[in-house]
Amino acid sequence: MVKILRSEYINISRVLIRKLYKSGCWGKGSLYEDELKDGFPQEEKGKVLVVAHALIKQGILCKKPKKYGFKYYLNMERKNKIDEILGLRKMQGKE
C-alpha cells in the first residue's frame with residue numbers, strides 16, 4: 001500500500017476532479033485509468049488510483065467496467081461537494 005500524505009491527497013484529488021470536470025465526465029463521458037494518470041509526475045502515478053478509490057468511497061467519483069478496463073466519472077448527486085472542492089461555490093453558512 002502506498003503511503004500518501006494529507007497534502008498530497010488533497011492536491012491529487014483536486015487535480016483529478018478538475019480534470020474530470022473540464023472533460024465533462026458526468027456519467028456519459030468518462031476517462032480510463034491511464035487517462036487519469038496522464039499529466040502527473042512519475043513518482044505520483046502510483047498514488048492516483050489510491051486517491052481515486054478513496055473518492056469513490058466518499059461517493060464523489062464513480063467507476064464502471066468497460067471492455068478495455070475501468071472508466072471513472074463524477075457523481076452528479078454530489079455536485080455541490082464537487083463545486084466546493086473546486087472552489088466554484090462558497091460554502092453556505094460561511095461568509
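Colleague: In which helix is the place of S13?

Modeller: S13 sits in helix α1. Helices are DSSP runs of H or I with at least four residues, strands are runs of E with at least two, and both are numbered from the N terminus. This is a predicted model, where local features need pLDDT of at least 70, side-chain atom pairs count only at pLDDT 80 or more, and totals for chains, interfaces and linings use all residues. Residues are numbered from 1 along each chain as its sequence is written, and side-chain values use heavy atoms, with hydrogens and water left out.

Colleague: Does S13 count as buried or exposed?

Modeller: Buried means under 20% relative accessible area, exposed means over 50%, and partly exposed lies in between, with a 1.4 Å probe and protein chains only. S13 has 9% relative accessibility, so S13 counts as buried.

Colleague: Which residues does S13 touch, beyond those up to four places away in sequence?

Modeller: Contact means heavy atoms within 4.5 Å. With that sequence limit, S13 touches V51 and L55.

Colleague: At what angle do α1 and α3 pack?

Modeller: Axes are lines fitted to C-alpha atoms, for helices over the stretch in contact; angles run from 0 to 180 degrees between N-to-C directions. Helix α1 spans residues 6-23 and helix α3 residues 45-58. They pack at about 80°, with axes 10 Å apart. Angles under 35 degrees are roughly parallel, over 145 roughly antiparallel, 65 to 115 roughly perpendicular, and the rest oblique. The two helices are therefore roughly perpendicular.

Colleague: Which residues of α1 and α3 meet?

Modeller: From α1, the contact takes E8, Y9, I12, S13, L16 and I17. From α3 come K47, V48, V51, A52, A54, L55 and Q58. By class, that makes 9 nonpolar, 2 polar and 2 charged residues. Nonpolar covers Ala, Val, Leu, Ile, Met, Phe, Trp, Tyr, Cys and Pro; charged covers Asp, Glu, Lys and Arg; the others, Gly among them, are polar.

Colleague: Which residues in α3 are buried?

Modeller: An α-helix has 3.6 residues a turn, so residues three or four places apart point the same way. In α3, the buried residues are K47, V48, L49, V51, A52 and L55. Their cover includes α1, α2 (33-37), β2 (61-66) and β3 (69-74).

Colleague: How many Å does α3 reach?

Modeller: The expected span is 1.5 Å times one less than the number of residues. With 14 residues, α3 reaches 21 Å from first C-alpha to last, close to the 20 Å expected. Just after α3, G59 takes a positive phi of about 85°.

Colleague: What does the contact of α1 with α4 look like?

Modeller: Helix α4 (residues 79-86) packs on α1 at about 115°, axes 10 Å apart. R14, I17, R18 and Y21 of α1 meet K79, I82, D83, I85 and L86 of α4. Here the classes are 5 nonpolar, no polar and 4 charged.

Colleague: Where is K37, and which residues does K37 touch beyond four places in sequence?

Modeller: K37 lies in helix α2. At 23% relative accessibility, K37 counts as partly exposed. Beyond four places in sequence, K37 touches K19, K45, V48 and L49.

Colleague: And the strand residue C62: buried or exposed?

Modeller: C62, in strand β2, is buried at a relative accessible area of 17%. Beyond four places in sequence, C62 touches I56, K71, Y72, Y73 and N75.

Colleague: Where is E77 found?

Modeller: E77 is in the loop between β3 and α4. At 75% relative accessibility, E77 counts as exposed.
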